[in-house]
Structures are given as C-alpha cells and as structure tokens.
Amino acid sequence: MMSQSEIDTKNTEFWDELCGSGLARSLGISEASPENLRRFDEAYMRFYPYLKKYVVDEALGGKKVLEIGLRFGTLGHLLASRGCEYYGLDIARNPVVMMRYRLSLLGQNPAGRIQQGSALEIPHKDSSFDYVYSVGCLHHRGNLGQAISEGFRVLARGGKAIVMLYHKHSFRRLVKVPLLILRGLLEDWTEADRSRTLRARYDTNAKGEAAPHTDYVSWSEVREFSGRFARVHIESQNFDNLAFLKGRLVIPREKLLSNFARVAGLDLYIEAYR
C-alpha cells in the first residue's frame, strides 16, 4: 500500500498529462490554439451533456468560485466565462498552465488565481468561496475524507460544493468488474494486478498506465462523509456503450443517459450545501 507522499508524487507525474488528452488526440488536436480548444470543448460537452446544468443553472455572477482538478480546462473556461471570480487548483503543472492560458483568452489575469497544489491542503483561507467545483478529481487524491473536509473548510456559509466521484454501484462495477475479477482468478493475478486493472478501466495515460489511486463510493457513503453539510443532493450520471453478441449489437451510451445512467451510472454528482 502506498503512503500519501507516494500517491502525491505519482499523481503529480500522472496528471501532468492533461485529462482529456485521449479525446484531443482523437480530434487531431496537438496544440492549444483558441480554435482547437473551441473544438475540444464542443466535443467534450457533447460527450457529457449533463455537465452544463451544474454550471448554467447556477447564479455565478460576482461569486467567488474554486475549481479543484483542472483537467483540459473545459469546465474552468465555462465557469470563468459566467462572470464569477474564478480560482483553480491542480496537483500537476500542465493543467495549471492550460487554465492560466484559458483565463488569458477570456481577457482575465490569471496571476495568483491558478495554483499548483493539493486538494488535501487547499492553499486558501476558511470560508473563502461561494462555490467549490471538483469533477473527477477527489477520488484520486488518496484520502477522500480529508479532501471533502478541505472543500467544506474553504466553502462559505450558505455556499455550495459540486463534486463528481466514481460510483461504486455502477453498471460497470456491478457487471463488468466481476468478469475482470473472474479473469484474474483464472490467471492468478495478485491484488496489485487486480487493483491496477480496475483502475485502468477508468483512467489511463497515453502509455496505457492506470491512475495511481482511485476510490469508488456508494450513495450511503457519500451521505456519511458529507454529514457536516446542511443538505446534500446526489444524482447518478454517465454510462458506457453496451455491446452484445460479440460487439455486433451496440446500444450507444447516448440512449442510456436519461434512463439507466440515472440509476447505475458511472459517476455520482453531489451538490452539497453548507
């Protein structure tokens, strides 16, 4: 089992490759020009159409907003364009560079607002933000409880946190993962082999390496570690394509987002009010 310092070091290295780089490669994007970023963002939001509601439905104008885990910068760009005072934090350097560039494209000064640092030690004062966003980040940090506690600490009274975590009881984990475990038993995998193979079902880099650490949570676990918040609302989102008959029959994930995904989706979107 890795120590927290080992997880931090590996995360810093792994996430230096921007999350979303696979999508960028599929679009033929190799440089971050304004036009390329526009094309990337359009493709990203088509793939995750439900993500927009967690931004557009919020009255962000004039609010102070922190995003933890910057990825390719799509969500941060959308947030910053909504008239808020946007801040960003990421454990790796390249996402920070990307988000600073995106802020400059919006005519905003990124100085002091986009930082490299840990979600386990957020470099901001207590009650600093009206909103805290973290989509697909905190479950990789190695101490989910501490990450949630830090998000609560920097959130102002009456503020709102919007967090996405991987769903422990998703269709993928309930149906596909047991098949992986069976394969591991047949092939005599070690515990490390099983963990790495499961993590690779969620996040890999260009070399095919799995993310260093990943947690998965249930609805009840979310409510347990969110106990300090005044109110919590949870939604299940996202789904895989379904393939049958050795891939000859495929149900596209887009047809499943409004039904099966709302029960056994890959992700849990948590809206937590302080």
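Visitor: What lies over the face of Phe152?

Guide: Arg274 does, at 4.1 Å from the ring centre. Please keep in mind that this is a predicted model.

Visitor: How do you know that the charged end of Arg231 sits over the ring of Tyr273?

Guide: The distance to the ring centre is 4.0 Å. The cut-off asks for CZ of Arg within 6 Å, together with a limit on the angle to the ring normal, and the charged end of Arg231 is listed as sitting over Tyr273.

Visitor: Why is the pair of Tyr44 and Tyr48 called tilted?

Guide: Their planes stand at 55°. Stacked needs under 30 degrees and edge-to-face over 60, so an angle between those limits is tilted. The centres are 4.9 Å apart, and the pair limit is 6.5 Å.

Visitor: What makes Tyr44 buried?

Guide: Its relative accessibility is 8%. Buried means under 20%, so Tyr44 qualifies.

Visitor: Why is the pair of Tyr166 and Tyr216 called stacked?

Guide: Their planes meet at 25°, and the centres are 6.3 Å apart, so the pair is stacked. Tyr166 belongs to strand β5 and Tyr216 to the loop between α9 and α10, so the pair ties together parts 50 residues apart in sequence.

Visitor: Why is Ser127 called partly exposed?

Guide: Its relative accessible area is 39%. Buried is under 20% and exposed is over 50%, so a value in between is partly exposed. Ser127 also has a positive phi of about 55°, although it is not a glycine.

Visitor: Is Asn238 buried or exposed?

Guide: Asn238 is buried, because its relative accessibility is 6% and the limit is under 20%. This residue lies in the loop between β6 and β7.

Conventions:
Residues numbered from 1 in each chain as written. Predicted model: local features only at pLDDT ≥ 70, side-chain atom pairs only at ≥ 80, totals over all residues. Heavy atoms only, no water. Phe/Tyr/Trp six-rings, centres within 6.5 Å; stacked < 30°, edge-to-face > 60°. Buried < 20%, exposed > 50% of the residue type's maximum accessible area, 1.4 Å probe, protein only. Helix = DSSP H or I, 4+ residues; strand = E, 2+ residues; numbered from the N terminus. Lys NZ or Arg CZ within 6 Å of the ring centre and 35° of its normal.
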